[in-house]
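Visitor: I'd like to learn how to read salt bridges and pockets in a model. Could you walk me through a case?

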Amino acid sequence: MLLSTLSVACGTIHILEVSTLWHPSYWLSGICLAIAAIILACTAVQLILLLPKALAFPSLAVETRKLESEIIHRQPAEAELRKSTEQYRTLVKNFPNGAVLLFDLDLRCTRAGGKGLTEVGLSKEQLEGKTIWETFPPETCAALEPNYRAALAGEATILELAYADCIYQIHTLPVKNEQGEIYAGIVIAQDITTRKRMEETLQESGQIFRATFNQATVGMAHMSLDGKWMLANPKLCEILGYTAAEILQLKFQNITHPDDIDIILEGIRQILAGKACNYLIETRYIRKDDSHAWVNLNLSLIRTATGEPKYFVVIIEDISSRKQAFAGMQKAKDDLENRVVQRTKELKHANEKLEYQLFERDRADKKLQDQAELLDLAHDAIVTLDLKNIITFWNRGAEEMYGWTKAEALGKEINTLLRTQFPKPQAKINEFLLQHGYWQGELIDSKKDGSSIAIASRWTVKRDLRGRPIEVLKINTDITERKKVQEALIASSIRLAAILDIASDAIISINQTQQITLFNQGAERIFGYNALEVLNQPLSLLLPERCASAHYQHIAEYSKSSGLARKMGERGKIFGRRKNGTEFPAEASISQLELEDEKIFTVILRDITEQVQTEEALRAANEKLTSWVNELEQRNSEIVLLAEMSDILQACLTIEEAHSAIARLVQPLFPDVSGAVFVISSSQTLVEAVATWGDETLDTHKLFTPNECWALRRGHSHFVSSDRGSLPCKHIHPDSSSSDFLCVPMMAQGEALGVLYLCSQHQGLFTEAKQQLAVTVAEHIALALANLKLHEALKQQSIRDSLTGLFNRRYLEESLEREIHRAARQNQSVGVIMLDVDHFKRFNDTFGHEAGDSVLRELGMFINKHVRGSDIACRYGGEEFTLILPEASLEITSQRAEQIREGVKHLNLLHRRQSLGCITLSLGVAVFPDHGTTGGAVIEAADAALYRAKQEGRDRVNVSR
């Protein structure tokens with residue numbers, strides 16, 4: 001009321017002052033006073049309108065008391081608010097692993113805190129008082145703004161945002177006042193980078209586990225503590241024949257063999273008691289079809305974080321096929337042991353015979369050695385040559401005859417050294433020598449002083465145990481003076497011939513080289529030649545080709561006999577050959593006349609053609625009476641030959657030696673018959689000829705399958721004759737020229753080792769007796785080959801390394817000493833390579849010993865493929881290997897080592913379908929005699945070089961110093 005009255009009074013005063021201010025200089029102040037008066041008037045009007053309400057208010061004292069009461073009641077709430085505010089500030093300041101932001105309606109940050117601010121390069125000062133657009137990049141603002149707006153609209157949101165190489169979980173919440181009005185928003189940012197990465201790792205691990213579990217090659221499952229299946233992979237379902245749903249309805253007792261349940265339960269109790277970490281056992285499971293499956297069971301326990309048992313992990317490997325294979329191997333082992341016992345007895349007997357034969361052979365070798373020392377005492381020139389005509393032996397007689405010393409002659413080509421003149425092309429002489437094993441004739445050689453001498457030369461081929469020629473022995477006799485005497489004798493013989501021409505028999509004289517020196521008219525009438533055509537010609541001109549070598553031998557033997565003459569008919573019937581090529585039977589007497597150091601042989605020959613015809617008629621009558629005697633003699637001869645064949649085959653040391661002897665031993669048992677011995681290969685897929693005789697074609701394939709022979713398919717002999725219409729084997733040529741065939745299987749202990757094949761172009765040779773003989777021969781050959789096969793298998797086991805297939809260390813030491821002795825004799829070198837696999841121990845530790853064995857096996861195969869036939873590859877020990885290279889120089893040995901080092905890098909090593917990567921080698925090289933004169937010294941030098949190669953960085957070749 002008082003305020004209204006005051007306003008009315010003041011306004012009245014201002015109006016009165018305005019009315020008095022009529023002068024222009026007071027207009028401005030008047031206007032102001034007028035305005036003030038209007039305002040005061042309006043205020044008064046409003047106060048008057050509010051006067052009734054003011055009168056209705058309680059008294060001031062009452063209001064004061066109410067206000068004090070509210071203040072008293074509000075103080076605890078304000079204290080609680082201050083406490084909450086302080087806690088909020090402390091939380092915001094120390095918020096771990098993130099930040100807390102408070103923003104107003106303009107999206108401006110009013111408060112910020114949290115330890116996570118510094119981790120992203122922000123601070124409280126950089127955020128407070130600024131909007132998000134002033135603080136964060138545009139792409140971050142674009143992601144945050146919708147959440148901020150949603151919070152101001154009353155909606156709580158959650159957002160995952162990547163910022164500064166971290167991932168944050170953004171919680172946006174509205175902030176309300178007491179009236180429930182939203183006046184701000186709060187942002188809680190939590191760093192979840194570690195958690196997100198752990199979730200991704202966990203998700204990836206889960207995917208790997210599921211892939212491993214589902215694609216494992218062994219059965220895998222989870223089993224509860226009471227034995228119920230909780231989870232099973234497809235391989236376990238395949239092993240047991242159940243579906244996954246069916247297995248989950250079962251317990252392990254339902255599929256385990258009753259006899260094995262208690263054993264497995266005992267293992268489970270040991271695991272639960274903590275006595276074992278896992279339990280491994282071979283047991284039997286029962287499949288859905290009630291069949292049994294042998295499995296390798298591996299049981300492990302999974303525990304909780306507190307150590308409480310949770311469930312079992314079960315790994316099951318199907319070993320049924322392995323069990324079956326083991327049973328088969330055990331049976332085969334038992335059979336083999338029985339066979340080894342039987343063969344051991346036989347080999348013991350054979351060994352005793354072999355020892356006796358070796359004793360006899362050593363005695364013979366000693367005798368030969370003693371005889372060799374006598375060669376230097378001979379007056380004849382004795383020379384040995386290799387197959388290239390290089391001189392390897394030159395005795396004292398050769399030095400005296402030609403003038404060259406042994407040192408000058410050894411290693412020279414003999415024909416070049418002696419400038420030899422041959423009576424015929426040397427190629428034909430060599431062909432005759434290799435075919436018959438000997439040659440003799442007259443040569444013209446030159447001495448060191450250039451003079452020529454006439455030589456009577458005798459050549460003999462020396463062969464090895466396999467019948468291959470290895471060197472030639474020549475014995476040369478100086479016959480220069482003898483040739484002069486012969487020329488004088490020829491002149492005398494012509495004069496003597498005139499005296500002998502009246503004889504009706506042929507009178508022929510020959511010298512020691514069996515050249516004709518006398519040919520009378522009786523000889524001209526019988527043979528059709530004149531004397532001039534045959535003088536100085538060889539005696540073989542008058543003999544059939546088939547008889548020439550035999551006549552030469554007979555005359556040579558006669559010249560050594562003590563008798564001076566042999567009468568007509570003493571030698572029986574011989575054959576001569578006329579000029580027109582026809583042959584005739586004859587009787588002959590021979591006498592010899594010694595003139596100084598030469599012998600002259602005189603032959604008186606009579607044509608007995610008519611006498612022979614008479615004898616033939618008598619013989620035909622006698623044959624019928626003596627045929628049964630001949631048959632008995634033939635049987636006896638066959639028995640003797642069969643016994644000899646069996647004895648020789650049992651004495652053979654190798655299968656190859658037996659193969660080379662079979663043809664010579666079997667052919668006398670079946671004369672006029674061609675044949676072969678075929679052996680089945682170790683793969684049982686091919687049958688190959690190892691020995692043949694007679695006709696080279698044999699009218700059969702030399703390589704065929706077992707199914708192509710009826711004898712092998714039926715298990716007994718199969719005879720085919722052209723006059724019986726029999727079914728021939730498929731391996732026989734359709735256009736065969738033979739008429740009869742016989743195939744006999746070679747059986748030993750119920751196993752077919754091959755077939756004895758015989759064929760004849762004449763019918764009737766394969767009588768029942770001959771067929772039975774063939775069966776007996778096949779049995780003897782089969783037994784001998786089976787024994788040799790077993791003997792070689794045992795021998796290979798004693799000298800071979802079982803893992804790599806290379807020779808072992810014992811064989812290395814024996815072979816190295818042998819090669820060094822041979823090289824020393826022949827003045828040659830021997831290379832030795834020592835090689836070692838780099839970092840092999842680390843390889844074993846990484847992939848396991850089985851993978852290491854696989855590497856050694858592959859390396860052994862690689863070395864075997866990259867060595868010569870004469871090289872010797874051995875496993876020295878562990879991952880070390882040794883190569884012996886006969887006749888290899890240091891340069892060649894180093895090149896070979898480098899080739900092996902480079903080649904092994906290209907090996908594709910796999911173990912259980914897992915690539916093992918590449919390997920490298922360190923190699924040491926040494927050569928005899930450069931680095932040692934004994935085997936041990938050379939090995940030591942190569943080993944030292946290998947050690948230096950490893951010290952210098954491995955994967956290299958180091959040559960011994």
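Visitor: Why are Arg-901 and Glu-898 separated by about one helical turn?

Guide: Keep in mind that this is a predicted model. Arg-901 and Glu-898 sit three residues apart in helix H29 (residues 890-904), so about one helical turn separates them. Side chains of opposite charge can pair when their charged atoms come close. Here the side chains of Glu-898 and Arg-901 form a salt bridge, 2.4 Å from N to O.

Visitor: Is Arg-901 buried or exposed?

Guide: Buried, with a relative accessible area of 9%. Glu-898, at 31%, counts as partly exposed. Salt bridges with shared partners also join Glu-898, Arg-901, Glu-902, Lys-905 and Asp-955 into one network.

Visitor: Which parts of the chain does the pair Asp-380 and Arg-458 link?

Guide: First the contact: the closest N and O atoms of this salt bridge are 3.7 Å apart. The pair links distant parts of the chain, 78 residues apart: Asp-380 lies in the loop between helix H13 (320-374) and strand E11 (381-385), and Arg-458 in strand E14. Asp-380 is partly exposed at 26% relative accessibility, and Arg-458 is partly exposed at 32%.

Visitor: How many salt bridges does the count come to?

Guide: The count is 29.

Visitor: Now the pocket. What is the volume of the largest pocket?

Guide: About 1800 Å³. Its lining has 50 residues, with Trp-439, Gln-440, Gly-441, Thr-513 and Tyr-552 nearest the centre. By class, the lining holds 22 nonpolar, 17 polar and 11 charged residues.

Visitor: Which element gives the largest share of that lining?

Guide: H21, with nine residues.

How values were computed. Residues are numbered from 1 along each chain as its sequence is written. This is a predicted model: local features need pLDDT of at least 70, side-chain atom pairs count only at pLDDT 80 or more; totals for chains, interfaces and linings use all residues. Side-chain values use heavy atoms; hydrogens and water are left out. On a 1 Å grid over the protein atoms alone, a cavity is a set of points where a 1.4 Å probe fits but cannot get out, and a pocket is an open set with protein on both sides within 12 Å along at least five of seven lines; lining residues have an atom within 4 Å of a point. Grid points are joined across faces, edges and corners, and a volume is the space filled by probe spheres set on the points. Helices (H or I, at least four residues) and strands (E, at least two) are DSSP runs, numbered from the N terminus. Ala, Val, Leu, Ile, Met, Phe, Trp, Tyr, Cys and Pro count as nonpolar, Asp, Glu, Lys and Arg as charged, and the others, Gly among them, as polar. A salt bridge is a side-chain nitrogen of Lys or Arg within 4 Å of a carboxyl oxygen of Asp or Glu. Buried means under 20% relative accessible area, exposed over 50%, partly exposed in between (1.4 Å probe, protein chains only).
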